Amino acid sequence: MAARAGHPAAVVGTSGSRPPVEPIPFHLVAGRAQGPRVEPVRTTALHAEHEALGAVFEPAGPWLRASRYPRPWETLDDTVRREVRAVRTGVAVADVSTLGKLDVRGPDAAWVLDQLYVTPLASLPEGKARYAVLCHLDGSILDDGVVMRTGAQRYFVTTSTGHAAAVAEWMEEWLQTEWPDKRCWVTPITEQFTTVAVVGPDSRALLARVAPGLAVDREAFPFLAVRTATVAGIADAQVARVSFSGELAYEVSVPWHDGPTLWRALLAEGASLGVTPYGLDALQVLRIEKGYLIVGQDTEALTTPHDAGLGWMVPTRKPFVGRRSLERIAPRADGRAQLVGFRSNDPHLVIPEGAALTSALGEPPMPIDGHVSSSRYSPTLACALGLALVRDGRARLGEVLHAPLLDGRVASVTLVDPVHYDPEGARRDGATTNE
């Protein structure tokens, strides 16, 4: 403009006055999104029930979830240990309604899920469930969950709490751009169901009390079976024998508004069994003891099923999204970070999550072999333990690594198998009960 007008550029100035030439005050940008409206809080249908029990809450993805149910005289550690003990020795209940849920149905639903998931799903019989892993195009893990076949052309798919929207969008992207001719429909239904986990050696006895018409013995209701029954007077409740704790467990799903009825019935009928509500803090301990990962916490952007110790799930012939990338040399090369377990060599010292692990202590910068992804004190095994991503980790079990702490101390850990507790899975299958 200056050249065309024959004027110096300084005289012409800018082509238009806009920020940051004229800054906009932050309060004009914020508008009404102030205070509690800055970030909307999502709560489950059981939120008032948790409040009545004195629950302490914490954010989990977009939700507010109960982290623990302290008693007046308890410390945080006391509460978590009591709740963990209830799961391992009796019966406990947890609100897991925030897990993502998708209704996938249609004549081509089996084919679509079989293509999207690493896990073979086309052969899944009605009334059964499978643990399933979903990959990005580069072969890295997108999410995991349980796929339940509830009809000839219908599936009830669960996702992790933080990835529900991402998984739904991923499915829709493939259906709309790559497979538009497939007759398959995906509907997010997370907010339509309340789901309560009933967990522990006495969980079968408690379920029998609230669902007297349901056959709950091991032969009639095996692991990964899915049934429909009247539970706590609620017709057509879905009951799945799945476990994120390693114990005998069931997940009961009912319409969202019937959640309080189910919850109160479980607490009332389970009173003589010592039923105990438990929260996220205890859940973390339980799943770490069993080596169960959380996508995004125990995985990184490039973590593949092989890195996470899930290579046994990868079929040799079945096509799936990400398969070609997993067949490249790089995802199988030496030096990749692999998920392993560790135990603190000081049994009472919980290593902070995120702590770096090194085999060569010295002056910084030290070579980093990996980092702690999950860490808790296990009251079941009476020691501090966790999960870590370590370079070539599975070949280094038994090795001692060091964790420099922020207060100047140096902790040491021994790498072990990620399954710290009941590696045979006998308790999950109900081999040990209090009946």
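Mentor: Fourteen residues, given as 14 in the count, line the largest cavity, and His 50, Arg 65, Ala 66, Tyr 69 and Asp 95 lie nearest its centre. A cavity is a set of points, on a 1 Å grid over the protein atoms alone, where a 1.4 Å probe fits but cannot get out; lining residues have an atom within 4 Å of a point. Helix H4 (47–52), strand S2 (63–68), strand S3 (92–95) and H10 each give two or more residues to this lining. S2 gives the largest share, three residues. Helices (H or I, at least four residues) and strands (E, at least two) are DSSP runs, numbered from the N terminus. By class, the lining of the largest cavity has eight nonpolar, four polar and two charged residues. Here Ala, Val, Leu, Ile, Met, Phe, Trp, Tyr, Cys and Pro count as nonpolar, Asp, Glu, Lys and Arg as charged, and the others, Gly among them, as polar. The volume of the largest cavity is about 100 Å³. A volume is the space filled by probe spheres set on the points, and grid points are joined across faces, edges and corners.

This is a predicted model, in which local features need pLDDT of at least 70 and side-chain atom pairs count only at pLDDT 80 or more, while totals for chains, interfaces and linings use all residues. Residues are numbered from 1 along each chain as its sequence is written, and side-chain values use heavy atoms, with hydrogens and water left out.

Stay with H10 for a moment. Helix H10 (residues 280–289) packs against helix H5 (residues 76–89) at an angle of about 55°, and their axes are 8 Å apart. Axes are lines fitted to C-alpha atoms, for helices over the stretch in contact, and angles run from 0 to 180 degrees between N-to-C directions. H5 and H10 are therefore oblique to each other. Angles under 35 degrees count as roughly parallel, over 145 as roughly antiparallel, 65 to 115 as roughly perpendicular and the rest as oblique.

The structure holds two cavities of 30 Å³ or more. Strand S4 (100–105), S7, S11 and strand S12 (249–255) each supply at least two of the lining residues. The lining of the second largest cavity divides into five nonpolar, five polar and two charged residues.

Now look at the second largest pocket. A pocket is an open set of points with protein on both sides within 12 Å along at least five of seven lines. The second largest pocket has a volume of about 260 Å³. Phe 156, Asp 236 and Gln 238 are among the residues that line this pocket. Strand S7 (154–159), strand S10 (226–231) and S11 each supply at least two residues of that lining.

Asp 236 deserves a look. Asp 236 lies in strand S11 (residues 234–240). Most residues other than glycine have a negative phi. Asp 236 has a positive phi of about 60°. Asp 236 is exposed, with a relative accessible area of 62%. Buried means under 20% relative accessible area, exposed over 50%, partly exposed in between (1.4 Å probe, protein chains only). Of the 435 residues of the protein, 50% count as buried.
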